Amino acid sequence: SVGARTDAAAGDAGFMTLSDVDRAGCWSTLIAPRGEHRELDEVPTVLVVEFLTAIRDQIRAAREHGATAYIQFVRNAAAQAGAMTDHLCFESYDLPQVPHRLAEEIGGAARLSIRAGGCAYCHLVADESQGGRRMLHRDPFGLVVAPFASRSAFETWIVPNTHSADFADTDAATINGFASTLQTAVRALRAIGMPPYNLMLHTAPLRERVDGTYHWHWELHPRLRPIGGLELASGIPVVPISPEEAVVELRRALA
């Protein structure tokens, strides 16, 4: 990997202060072999397995090190999605705090668990697997589904069938199978011309145990248009197509 790193800093009590935040964390890039400029669904599955294994191992190392709160992995495809190169790669950001979006997601999953019992994502897998209108693909390792309230047009989630809150706990057999599920989700974007996209891992924070209520997954967000003023001003996403209609379109690439 290549990148830049600064040492994590802590106050006298062992906790990070506001003045420490800009001196903590790191950024790095996991890169494919030399000359690999194909898209994620075009490369051999073994390469995706290697990426996922490296991501898992880096999360394990970050948890062991205990310096920061969360490690965020993203794949930015094309300049409109923030990519600085067309070489196949994943970006890694070691963050001193849990991202707001993830904290909201974890809290919402916990509240749903209290009301309905069990894991909300496991309920999603079970419900959509029974002929759900938002299911795009299902195999023995995972489900590709459009979320009920998309934040971007043609957004999909790639959710493992087996419950686990922390991607760091994923075993080799699951990674070997789930790599193909991830490729299928990306391949579906070919139905809409393979637009720029962001692929991001959502997993348990490094310092928290949310085993019973959270469920790691990947989110795939195509970048079909710039973010508008209403979205910037209010935080309310504007999505011109329903999840159900989006899935019908995406299925054409998998037919």
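The crossing of helices α1 and α4 is right-handed (the near helix being turned clockwise from the far one by less than a right angle). The model is a predicted one, in which local features require pLDDT of at least 70 and side-chain atom pairs pLDDT 80 or more, whereas totals for chains, interfaces and linings use all residues. Residues are numbered from 1 along each chain as its sequence is written, and side-chain values rest on heavy atoms, without hydrogens or water.

The axes of α1 (residues 45–65) and α4 (residues 172–187) approach within 9 Å and cross at roughly 120°, which makes α1 oblique to α4. Helices are DSSP runs (H or I) of at least four residues, and strands (E) of at least two, numbered from the N terminus. In contact (heavy atoms within 4.5 Å) are, among others, Val48 and Leu52 of α1 and Ile175 and Phe178 of α4.

Aromatic rings pair when their centres lie within 6.5 Å, with planes under 30 degrees apart termed stacked, over 60 edge-to-face and the rest tilted; seven such pairs are present. The rings of Tyr121 and Trp157, with centres 6.1 Å apart and planes at 35°, are tilted. Both residues are buried (under 20% relative accessible area, 1.4 Å probe, protein chains only). Phe167 and Trp218 form an edge-to-face pair, with centres 6.4 Å apart and planes at 90°. Ring pairs also link Phe51, Phe90, Phe167, Phe178, Trp216 and Trp218 into a cluster.

Methods. Axes fitted to C-alpha atoms, helices over the stretch in contact; angles between N-to-C directions. Parallel < 35°, antiparallel > 145°, perpendicular 65-115°, else oblique. Phe/Tyr/Trp six-rings, centres within 6.5 Å; stacked < 30°, edge-to-face > 60°. Buried < 20%, exposed > 50% of the residue type's maximum accessible area, 1.4 Å probe, protein only.
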